Amino acid sequence: MPEFSLDLNEDQRDLRDWVHGFAADVVRPAAAEWDAREETPWPVIQEAAKIGLYGFEFLANAWADPSGLSLCLANEELFWGDAGIGMAIFGTSLAVAAIYGSGTPDQLVEWVPQCFGDAGEPKVAAFCTTEPEAGSDVASMRTRARYDEAADEWVLSGQKAYATNGGIANVHVVTASVDPELGSRGQAAFVVPPGTPGLDGAKKLKKLGLRASHTADVFLDDVRVPGRCLLGGKEALDERMARAREGRRAQGQAAMRTFELSRPAVGAQALGVARAAYEYALDYAKGRVQFGRTIIENQAIAFALADMRMEIDAARLLVWRAAWMGRNNRLFEAGEGSMSKLKAGEVAVAVTERAVQILGGAGFLREHPVERWFRDAKIYTIFEGTSEIQRLVVARAISGMYIR
């Protein structure tokens, strides 16, 4: 029986330090510029691709870590550098998670390389599931998928909202309802290959935070994709829907499987933002003099910083536990994946708000990055399941009841 330890191994430490170096040397110096421009930072993405940080090989190696921690470590460090640029680099991984979670090995080989492109010409991918009337209520999805048997094609029609990389992506992964009467159990995920007619991405949405990351609505007007673009294949979909019609237990649906895989990593992103704000506020409090002494010598400030550090460390333990469970196929019997994302997201909001407060008037100025981190943090209580939905997941899990 191996001794229990929370120490990172040498490979994990090397990974953490490598990503941190890129975040410190490349991402942070560029963060304010790309936030102000509100444009996709293609030069930074290309730099990440050149060193091997952006690409499927990196994700595969990180996922191969049996502890499940490597991907979380990389996310925390990159988003410590900047969340907007971090999302521009790692946003593609959500589409890759959808292909990995629902696709066949052949689909993985065919589509994942096209999500990334190469170092000479990097590409991005988009996972499109949220809709204007179906955000938290995934079962209300209106995008439809109709099978044209004569042509062996799927025809997709509908609108997606708030899609990271929507419209600029080389590969779009789109969830759609095949049988609306089955609710979420009648849904499937489809790959829309590059250049497919009928898919239109509206202009980039203006956002509170994560401004360097492209977010847009995506419209699908009778978009035709080959039959092989149904992730998992038609036989598996037919079997799953047959089980649902007979009232048998379903194995889940496309969007939820993707989110289950991604929630600990998203929690780690929130931790990176929170840690950046905490470290900056700590350094500021040690140097800022008021009434003849540094402000950290006042209990109000010192205790606030102590709470910030405690909450970050507590959230990290929840994230690491969920990552380990997910990697080792342990059931989230108490909603542990949702716990991790919920706690980390709310910690990010609280810590960044407190950092602004510690800096006082200076915290309200763009001269200091805490205002940007404060703006960036808020999304982590909203996307990939709001805090309210995460609490609902946990409540249902611990009660065994369908709480509404």
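This note comments on a predicted model, point by point, from overall form to local contacts.

1. Basis of the note. Residues are numbered from 1 along each chain as its sequence is written, and side-chain values use heavy atoms, with hydrogens and water left out. Because the model is predicted, local features need pLDDT of at least 70 and side-chain atom pairs count only at pLDDT 80 or more, while totals for chains, interfaces and linings use all residues.

2. Overall form. The chain contains 13 helices and nine strands; these are DSSP runs numbered from the N terminus, helices being H or I of at least four residues and strands E of at least two. Its radius of gyration is 22 Å, in agreement with the value near 22 Å for a compact globule of 404 residues. That radius is taken over C-alpha atoms, and the globule rule is 2.2 Å times the number of residues to the power 0.38. Along the principal axes, the C-alpha atoms fill a box of roughly 80 × 50 × 40 Å. Of the 404 residues, 52% count as buried, where buried means under 20% relative accessible area, exposed over 50%, and partly exposed in between (1.4 Å probe, protein chains only).

3. Strands β2, β3 and β7. Strand β2 (residues 144–148) pairs with strand β3 (residues 153–164) in the antiparallel sense over five bridges; two strands pair if DSSP finds at least two bridges between them. R146 has V155 in β3 as its bridge partner. The hairpin of β2 and β3 has four residues between the strands, and D152 there takes a positive phi near 50°. Strand β3 also pairs with β7, again antiparallel, over nine bridges, and V155 stands opposite R224 in β7.

4. R224 forms a salt bridge with D148, with the closest N and O atoms 3.0 Å apart. This pair links distant parts of the chain, since R224 lies in strand β7 (residues 215–226) and D148 in strand β2, 76 residues apart. R224 is partly exposed at a relative accessible area of 36%, whereas D148 is buried at 18%.

5. Strand β5. How many residues of strand β5 (residues 187–192) are buried? Six of its six residues are, and the strand is mostly covered. In a regular strand the side chains alternate between the two faces of the sheet. On one side of β5 lie Q187, A189 and V191, and on the other A188, F190 and V192, all of them buried. Strand β4 (residues 171–177) runs antiparallel to β5 and is joined to it by six bridges; V174 stands opposite F190 in β5.

6. R37 and E33 form one, with closest N and O atoms 2.9 Å apart. Both residues lie in helix α1 (residues 10–37), four residues apart, about one turn of the helix. R37 is partly exposed at 39% relative accessible area, and E33 is partly exposed at 41%. D238 forms a salt bridge with K234, with closest N and O atoms 2.9 Å apart. These two residues are separated by about one helical turn, because they are four residues apart in helix α8 (residues 234–245). D238 is partly exposed at 34% relative accessibility, as is K234 at 31%.

7. A salt-bridge network. Which residues are linked in a network of salt bridges? The linked residues are E76, E77, R275, E279, R309, D313 and R316.

8. The cavity. One cavity of 30 Å³ or more is found in the whole structure. On a 1 Å grid over the protein atoms alone, a cavity is a set of points where a 1.4 Å probe fits but cannot get out, and a pocket is an open set with protein on both sides within 12 Å along at least five of seven lines; lining residues have an atom within 4 Å of a point. The largest cavity has a volume of about 40 Å³, a volume being the space filled by probe spheres set on grid points joined across faces, edges and corners. Its lining includes L53, Y54, F58 and F116. Helices α3 (56–63), α5 (83–90) and α6 (92–102) each supply at least two lining residues.

9. The second largest pocket. This pocket holds about 410 Å³ of space. Of its 14 lining residues, F4, S5, L6, L69 and W324 are the closest to its centre. Helix α10 (residues 299–327) gives the largest share of the lining, four residues.

Definitions and conventions:
Salt bridge = Lys/Arg side-chain N within 4 Å of Asp/Glu carboxyl O.
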